[in-house]
Amino acid sequence: MTQPATPPSPLSQQTFAAIVQAFAGGLVKVWGSRAGQLTHQVLLLKFRTSPLPSSPVPPGWEEIFSELQAISYHELDSLRYVGDFGHLVFATTLFDTFLTDTTRFVFLLRPESIGKTQGITVAEILHAASKTELLRAAVEKRARELSYKSFAERIEFLGKNYGFAFDIASETAAELEHFSSLRNVMIHDQAFYDLSVNDSGDVTYAARSCPCHPRPITGAEIKGAIRAYERIVRSITREVFTHMLKVPVPEDLLRAHRVIEDAIGDKSQ
């Protein structure tokens, strides 16, 4: 692909850095939320299995103890199930957003790569305040179109169209496919039953999983998803900065990646 006549400006570098930083900050938030949820679960279980102090309860603590004792096992179990669901979905959504914003970024940086058939309507042309607005509309249409493809296809698109040589291990690529499929199933199907019709024409159902936990998620799966997304984002970040923006990855972004790697125990390079 034809390279731009001049290197991208520092402002473009800062813009992509903000995209990467948003993803990294989101993952730190997921991991913090995960730690908070697990801590609350352990403390609540410990409280429920420990005898209350025999000495007078400090003033104001009676209501607190009463509220904690009123939390049922069903409520605690629901907190765990829905919390696990949310952590995996949120982490996957962060990765989805990163891919979309990275695609928007390279389109805006290389407008010639968008393509000629973006379906810009006459109304959009008439109402556009400038060529910049038309470009933005074309970018949004193309990025939205690509967002319906699989994660693997979107990564392949970036690699083929911009000459990126992503360093993504086959194991990580397989994890990406697994976790993205799992996210889709979780979002679109929380039923514990299958529907069918019998010989009399009656609609019937049969249980296929636990009614309380139709699509359970393990802690290992949440950690695995975060690890896979972080590895791929790290590779994409390196390629965009070094190959397209012609500068090394900023040190603050490298530190952000290391924070996540330390948190999840991933020392791969």
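**View 1. Salt bridge between Arg 258 and Glu 251.** The side chains of Arg 258 and Glu 251 meet in a salt bridge at 2.7 Å, N to O, where a salt bridge is a side-chain nitrogen of Lys or Arg within 4 Å of a carboxyl oxygen of Asp or Glu. Arg 258 is partly exposed at 38% relative accessible area, and Glu 251 is partly exposed at 41% (buried means under 20%, exposed over 50%, partly exposed in between, with a 1.4 Å probe and protein chains only). Elsewhere, salt bridges with shared partners join Arg 34, Asp 77, Arg 80 and Asp 84 into one network. This is a predicted model, in which local features need pLDDT of at least 70 and side-chain atom pairs count only at pLDDT 80 or more, whereas totals for chains, interfaces and linings use all residues. Residues are numbered from 1 along each chain as its sequence is written, and side-chain values use heavy atoms, leaving out hydrogens and water.

**View 2. Salt bridge between Lys 160 and Glu 156.** The closest N and O atoms of this pair are 2.9 Å apart. Both residues lie in helix 6 (residues 151-162), 4 residues apart, about one turn of the helix; helices are DSSP runs (H or I, at least four residues), numbered from the N terminus. Lys 160 is exposed at 65% relative accessible area, while Glu 156 is partly exposed at 43%.

**View 3. Cys 210 and Cys 212.** The sulfur of Cys 210 lies 4.7 Å from that of Cys 212, its closest cysteine sulfur, which is too far for a bond, given that a disulfide is a pair of cysteine sulfur atoms within 2.5 Å. The count of disulfides is 0.

Terms used
Helices (H or I, at least four residues) and strands (E, at least two) are DSSP runs, numbered from the N terminus.
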